[in-house]
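Here are my notes for your review, point by point. Please read them with the structure open.

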Amino acid sequence: MSAKELRYVDVEFSDEQQEIRRALRDVFDKHSDSPAVRAVMATETGYDATVWRRVCEQTGLAGLAIPEEYGGVGFGFTELVVALEEMGRSLFPSPFLASSVLTAYALVHAGDEGARADYLPGIAAGGTLGALALAEPGRRDVRAVETTARADGDGWRLDGVKTHVIDGLIADLIVVAARVNGDLALFTVDKDAAGLTRTALPTLDQTRKQARLTFADTPARLLGTPGADAALERVLALAEIAVAAEAVGGAARCLEATVEYTKGRVQFGRPIGSFQAIKHRCADLYVEVETARSALYYAAWAATEAEAAGLATPGELAVMAPLAMTTATAAYRHVAEEMIQLHGGVGFTWEYDCHLYLKRAITSAHLFGDRGAQRERIAELAGI
């Protein structure tokens, strides 16, 4: 896809979508303030199960974008982006990304109706927690899968290691990418499966737990049929847009907090926000945030259009999803770094939340592989 083929989209949210944003912001402001986030950071699970259950019951959050026939709310990808922006804004600690986005979309696009019926209702209710296991040690690209699967009677057995699995330690259901005679395939593994070892990994971002999963002759269930490359590409595209939405929400909150602080911090008898140098820096940050937001909304539009057309992963979505993610996470990191600088000495302290946003920004950029590999893929897909 060349640059001249890009279309311009006027994105305007409906009244219902704006109401979803307001309602979720109220919920997250209530359940995800600084003390709440810091409390769950110190736990092994990384989330408050009581809060998660209550939020799911009140808002249907876990099943927001899961089809109604599987117990979900049935909203589209645009509503999902709205929810993720608000989550990123508040650093809401929950299994939502791993379970209701990554795992749910893997099940939706794997082409296995039986598995959808078996697993999606539990995920939609928030009772079943899922995780998607893709990345492997020493691999720059999550598509470089070497975990193997072999048939065993009516079932399958997996051997291999997956790393940086979001919420891999608490997941009830794990969707695993593996090779069957060289062909890519997706499998489900139950949390108590024999031969499955789960190890918590130390993470820079303590608000999002990750794990290493080892499969040793582990029983698994095949999703659909081998040859799941197109399904995985669709899931990865949607996952990248989801992370971009979180990043835009987080970056916008960082900018908002920075402007608030500079308006109230007095130096030489006047608020530091009144100094031209500070104004210019904040203006530059605003441009970065809005650029990232534009890339996000275009990518979300491309995903919605592809879904409506029933396309696997058309060129526009394939390019725009990783582009939105890299643009948004880069902007997020820069705005978070500037937030710390413009807060002065207190910006470096544990008591202020600036470091929490910076850590989230840094780790988000690497969730689906090495940043260099991501940029190389964008260039290849765009024909550069």
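1. Salt bridges come first. The structure holds 26 of them. Bear in mind that this is a predicted model. Side chains of opposite charge can pair when their charged atoms come close.

2. Take Arg281 and Glu338. Their closest N and O atoms are 2.9 Å apart, in a salt bridge. Arg281 lies in helix α8 (residues 276–309) and Glu338 in helix α9, so this bridge ties together parts that are 57 residues apart in sequence. Are the two partners buried or exposed? Arg281 is partly exposed, at 33% relative accessible area. Glu338 is buried, because its value of 14% falls under the 20% limit.

3. Next, Lys191 and Asp172. Their side chains form a salt bridge with an N to O distance of 3.4 Å. The two residues sit in loops: Lys191 between β5 (183–190) and β6 (196–201), Asp172 between β3 and β4 (173–180). They are 19 residues apart, and the pair links distant parts of the chain. Lys191 is partly exposed at 38% relative accessible area. Asp172 is partly exposed too, at 23%.

4. Arg139 and Glu146 also meet in a salt bridge, 2.8 Å from N to O. Arg139 has a relative accessible area of 34%, which makes it partly exposed.

5. Some bridges join up. Which residues are linked in a network of salt bridges? They are Arg21, Arg25, Glu85, Glu86, Glu290 and Arg293.

6. Now the aromatic pairs. The count comes to five. One of them is Phe77 with Tyr105, a tilted pair with 6.2 Å between centres and 55° between planes. Phe77 belongs to helix α4 (residues 77–90) and Tyr105 to helix α5 (residues 96–109), so the pair links parts of the chain 28 residues apart. Phe77 counts as buried, at 9% relative accessibility. Tyr105 is buried as well, at 9%.

7. Two backbone angles deserve a look. Most residues other than glycine have a negative phi, and most peptide bonds are trans. His164 has a positive phi, near 55°. This residue is in strand β3 (residues 155–166) and is partly exposed at 47% relative accessibility. Asp217 also has a positive phi, about 55°. Its place is strand β7 (residues 210–223), where Asp217 is partly exposed at 33%.

8. Helix α10 (residues 354–364) is mostly covered. How many of its 11 residues are buried? The number is 10. Among them are Cys354, His355, Leu356, Tyr357 and Lys359.

9. Tyr352 lies in the loop between α9 (315–342) and α10. Tyr352 is partly exposed, at 35% relative accessible area. Beyond its neighbours within four places in sequence, Tyr352 is in contact with Arg38, His343 and Val346. The C-alpha atoms of Tyr352 and Ser34 are 8.9 Å apart, although 318 residues separate the two along the chain.

10. Last, Gln374 in helix α11 (residues 371–382). Gln374 is buried, with 7% relative accessible area. Its side chain reaches the backbone oxygen of Gly369 at 3.3 Å. Leaving aside neighbours within four places in sequence, Gln374 is in contact with Met325, Thr326, Ala365, Phe368 and Gly369.

Methods: Residues are numbered from 1 along each chain as its sequence is written. This is a predicted model: local features need pLDDT of at least 70, side-chain atom pairs count only at pLDDT 80 or more; totals for chains, interfaces and linings use all residues. Side-chain values use heavy atoms; hydrogens and water are left out. Helices (H or I, at least four residues) and strands (E, at least two) are DSSP runs, numbered from the N terminus. Buried means under 20% relative accessible area, exposed over 50%, partly exposed in between (1.4 Å probe, protein chains only). A polar contact is a pair of N or O atoms within 3.5 Å; within protein, one must be able to donate a hydrogen and the other to accept it, and residues adjacent in sequence count only if both atoms are side-chain atoms. Contact means heavy atoms within 4.5 Å. Rings of Phe, Tyr and Trp (its six-membered ring) pair if their centres lie within 6.5 Å; planes under 30 degrees apart count as stacked, over 60 as edge-to-face and the rest as tilted. A salt bridge is a side-chain nitrogen of Lys or Arg within 4 Å of a carboxyl oxygen of Asp or Glu.
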